[in-house]
Amino acid sequence: MASYTQSPTDPDFVQNPYPFYERVRAEGPLHDWEDYGMPAAFSHEAVNAILRDRRFGSQCPPELAPPVPAHIADFHRVDDMSMLALDGAAHKRLRGLTLRAFTSRRIAGLEPEMATLAHTLVDAFPQGEAFDLIPAFATHLPAIIIARLLGVPEDMAPQLLDWSNTMVAMYQARRDRTLEEAANSAAADFAAYIRSHAEARRTSHSDDLISELLQAEEAGDRLTMDELIATCILLLNAGHEATVNTTGNGVVALSEHGNAPHWLTPDRVEGTVEEIMRHNPPLHIFTRYALEEIELYGRHFARGDQVACVLGAANRDPAVWSDPDVFDPSRPVRPNTSFGAGAHFCIGAPLARLELRVSLPILFQRCPNLRLAEPPRYADLYHFHALERLMVTV
């Protein structure tokens with residue numbers, strides 16, 4: 001196992017991390033990434049295996065967890081209650097209770113609203129001039145859908161997005177004290193808002209997710225208020241971030257590939273969406289902790305050791321996909337790692353997929369002459385792979 005140095009904030013890497021992935025993966029499935037101070041898995045086999053291995057988890061073993069600094073205590077008060085941060089029985093319980101409210105029927109029922117909203121957003125596009133598609137389309141649609149799903153006022157969507165974007169900066173390589181303090185403040189404000197809204201729903205039950213989460217029960221067990229707050233914040237943070245980034249990346253891929261409407265017909269759209277997520281996923285790294293002593297791919301892991309699962313590298317492994325750097329919506333669909341795998345497979349994946357399957361065909365049907373107005377540039381947000389802006393003409 002070799003060691004490699006590659007700054008995740010290097011401008012060239014931010015714009016295109018895939019050459020580094022290719023070079024390192026060719027040398028083997030698991031290597032030390034010195035900039036992170038931990039081994040990283042780059043092959044599809046290794047990433048998939050680690051994400052599914054119950055000997056690895058999302059939560060640092062309690063006896064090895066460092067103390068939480070005071071300036072991010074409010075952030076961790078929310079984040080540590082999230083199902084993303086829990087393992088074993090605690091994770092299974094929280095996920096099970098959430099799924100009793102976040103049902104496939106509820107998600108499918110949002111499809112007409114998604115279509116209407118997509119048309120409304122396209123109606124508002126400026127004509128005859130370049131504009132940024134990210135705020136005009138990619139951001140609004142998932143944010144408003146999540147607001148409706150939770151049952152919070154739609155005019156709160158910009159504030160929810162601001163809190164969310166500020167919080168998820170904690171997962172970026174450029175994280176510093178300023179970002180941490182801002183995320184802590186956002187978490188406190190976000191939690192206070194959800195708490196107030198949920199308390200009001202106790203006496204005025206409605207047909208929304210917060211009301212259903214308050215009622216979700218299994219064998220007499222219910223979510224605590226803190227668990228409900230953390231779940232709602234997770235659904236918004238994860239639910240909008242991935243869809244915004246995937247929409248932007250997908251529009252670029254389809255525009256550069258050409259003939260987008262052909263690849264977004266009802267019989268092709270599902271495969272096209274999967275190829276968009278495989279080719280340029282919105283999130284490039286998950287980390288896991290070893291929960292016991294493990295020998296894997298020639299590496300010894302002690303309890304508490306971390307490993308990075310590089311989703312962006314796994315999704316372009318030539319052992320699984322031929323010509324993996326080529327965006328090819330006609331290729332046979334094989335499972336990719338964009339939504340993770342195993343016990344922590346993204347609970348919002350059905351919602352994200354539906355939003356993309358509904359919104360992208362409407363966008364390109366309504367705007368058949370959509371063109372990129374400038375070369376796309378990615379923002380310094382790694383582990384996320386998100387565009388700074390997406391200037392287009394229609």
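This is a predicted model: local features need pLDDT of at least 70, side-chain atom pairs count only at pLDDT 80 or more; totals for chains, interfaces and linings use all residues.

Trainee: What does Arg195 form a salt bridge with?
Mentor: With Asp226. The closest N and O atoms are 2.8 Å apart. Arg195 is in helix H11 and Asp226 in helix H13. The two are 31 residues apart, and the pair links distant parts of the chain.

Trainee: How many salt bridges does the structure hold?
Mentor: There are 22. One of them joins Asp32 to Arg299, with the closest N and O atoms 2.7 Å apart. Asp32 sits in strand S2 and Arg299 in strand S10, so this pair ties together parts 267 residues apart in sequence.

Trainee: What about Arg201 and Asp208, buried or exposed?
Mentor: Arg201 is buried, at 16% relative accessibility. Asp208 is buried too, at 2%. They form a salt bridge, and the closest N and O atoms are 2.8 Å apart.

Trainee: Switching to helices. At what angle do H13 and H15 pack?
Mentor: About 105 degrees, with their axes 9 Å apart. Angles of 65 to 115 degrees count as roughly perpendicular, so H13 and H15 are roughly perpendicular to each other.

Trainee: Which residues meet there?
Mentor: Thr246, Gly250 and Leu254 in H13 meet Thr272, Ile276 and Met277 in H15. By class, that contact has 3 nonpolar, 3 polar and no charged residues.

Technical notes
Residues are numbered from 1 along each chain as its sequence is written. Side-chain values use heavy atoms; hydrogens and water are left out. Axes are lines fitted to C-alpha atoms, for helices over the stretch in contact, and angles run from 0 to 180 degrees between N-to-C directions. Helices (H or I, at least four residues) and strands (E, at least two) are DSSP runs, numbered from the N terminus. Angles under 35 degrees count as roughly parallel, over 145 as roughly antiparallel, 65 to 115 as roughly perpendicular and the rest as oblique. Contact means heavy atoms within 4.5 Å. Ala, Val, Leu, Ile, Met, Phe, Trp, Tyr, Cys and Pro count as nonpolar, Asp, Glu, Lys and Arg as charged, and the others, Gly among them, as polar. A salt bridge is a side-chain nitrogen of Lys or Arg within 4 Å of a carboxyl oxygen of Asp or Glu. Buried means under 20% relative accessible area, exposed over 50%, partly exposed in between (1.4 Å probe, protein chains only).
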